[in-house]
Amino acid sequence: MAETIMELKGLKKSIKNKPIIKGLDFTIRSGEVFGFLGPNGAGKTTTIRMMVGLMRMTEGDVIIKGHSIKSNYKEAIKHVGAIVENPEMYPFMSGRKNLVHYSRMMPGITKERIDDVVRLVGLEKRQKDKVSKYSLGMRQRLGIAQALLHNPSVLILDEPTNGLDPSGIREIRAYIRKLAAEEDVAVIVSSHILSEMELMCDRIGIIKNGELISIQSVHDAIEETDEKEILIEAEPLREAEAIIKKKTEGIVTVRGEEVMFTATREELPDIINHLVAGNINIYGVTITRSTLEDKFLDLIGDGAIE
């Protein structure tokens, strides 16, 4: 079992006697990428601010590597690296000189450690270029390198793919997975791009109205629904539709040259056998699995997604 790096214990926040965060309890483990999801106003950013001591908590505590943010802030926070949206760097300096500059603010960071983080984020060939010449994706990678300089046990990334094109998003996703595996860092990612969270994260926590309503592995979240949407390309189409309607209780519709319906994995072989027995030609079967977005919207409803 992986080591618990961060633990939220009964975390609460009230502003003018109005409860904003209503008692969060969960743990983050080493080497995992943990996705933090919630609709607008759910309390994600407030929670992250309390995690790193930027906002005072009303009740509860955050424990990082056995140290309390509340009572031993200096010891707790030294295990944390974080970037929020677009990291700020000196554009007139090279990427490497930026890292050297930041390294002087923290004791014990060696030239070898700077080499390590440059390699980890894939900036070896561009480290001597001025940051003003970097793409947004490269600046994000440099920001991650800077956050990793002091060997943190937990890395908090608020919207790390914000403003990136698809290529840049894929780049950052790959580096986040890589550093979790190679550095054994616990990574907490806040993002509104649900398809990316599905590809990037090991577990997700979904927050709504200041309460944690679900926390589970991404695989479990998207696989727990028994029923799947199924498309069968068949001929003759209307006869296929009639046979399927007899074998399933769900809605059966014709879309183009396909019959669309919902059924469980266990029901599908029997339906196909009846189609074959009814002299129906089958040209293709497509099963559409549930997505993280489906699960998310099931839990929080069709509200705005942050």
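Biologist: To begin, how many aromatic pairs does a search of the whole structure find?

Modeller: The search finds 3 aromatic pairs. Rings of Phe, Tyr and Trp (its six-membered ring) pair if their centres lie within 6.5 Å; planes under 30 degrees apart count as stacked, over 60 as edge-to-face and the rest as tilted. Phe26 and Phe36 form a tilted pair, with 6.0 Å from centre to centre and 40° between the planes.

Biologist: Which strands hold Phe26 and Phe36?

Modeller: Phe26 is in strand E2 (residues 18-29) and Phe36 in strand E3 (residues 33-37), so this pair ties together parts that are 10 residues apart in sequence. Helices (H or I, at least four residues) and strands (E, at least two) are DSSP runs, numbered from the N terminus. Phe26, Phe34 and Phe36 form one aromatic cluster.

Biologist: Is Phe36 buried or exposed?

Modeller: Phe36 is buried, at a relative accessible area of 1%, and Phe26 counts as buried at 5%. Buried means under 20% relative accessible area, exposed over 50%, and partly exposed in between (1.4 Å probe, protein chains only).

Biologist: Before we go on, what are the ground rules for these values?

Modeller: This is a predicted model, in which local features need pLDDT of at least 70 and side-chain atom pairs count only at pLDDT 80 or more, while totals for chains, interfaces and linings use all residues. Residues are numbered from 1 along each chain as its sequence is written, and side-chain values use heavy atoms, with hydrogens and water left out.

Biologist: On to charges: how many salt bridges does the search of the whole structure find?

Modeller: It finds 14 salt bridges, each defined as a side-chain nitrogen of Lys or Arg within 4 Å of a carboxyl oxygen of Asp or Glu. One of them joins Arg113 and Glu183, whose closest N and O atoms are 3.1 Å apart. That pair links distant parts of the chain, with Arg113 in helix H4 (residues 111-120) and Glu183 in helix H6 (residues 166-183), 70 residues apart. Arg113 is buried at 8% relative accessibility, whereas Glu183 is partly exposed at 26%.

Biologist: And what does Asp202 pair with?

Modeller: Asp202 forms a salt bridge with Arg177, the closest N and O atoms being 3.2 Å apart. Asp202 lies in the loop between helix H7 (194-200) and E9, and Arg177 in helix H6, so the pair ties together parts 25 residues apart in sequence. Asp202 is partly exposed at 28% relative accessibility. There is also a network of salt bridges linking Arg96, Lys111 and Asp115.

Biologist: Changing topic, where is the cis peptide bond?

Modeller: A cis peptide bond joins Glu235 and Pro236, with omega about 0°. Pro236 lies in the loop between strand E11 (227-235) and helix H9 (237-247).

Biologist: What is phi at Asn17?

Modeller: Phi of Asn17 is positive, about 65°, although Asn17 is not a glycine. Asn17 sits in the loop between strand E1 (4-15) and E2, and is exposed at 79% relative accessibility.

Biologist: Lastly, how many residues of H5 are buried?

Modeller: In H5, 11 of the 13 residues are buried, so this helix is largely enclosed by the rest of the structure. Among them are Gly137, Arg141 and Leu148. Helix H5 (residues 136-148) reaches 19 Å from its first C-alpha to its last, close to the 18 Å expected at 1.5 Å a residue; the expected span is 1.5 Å times one less than the number of residues.
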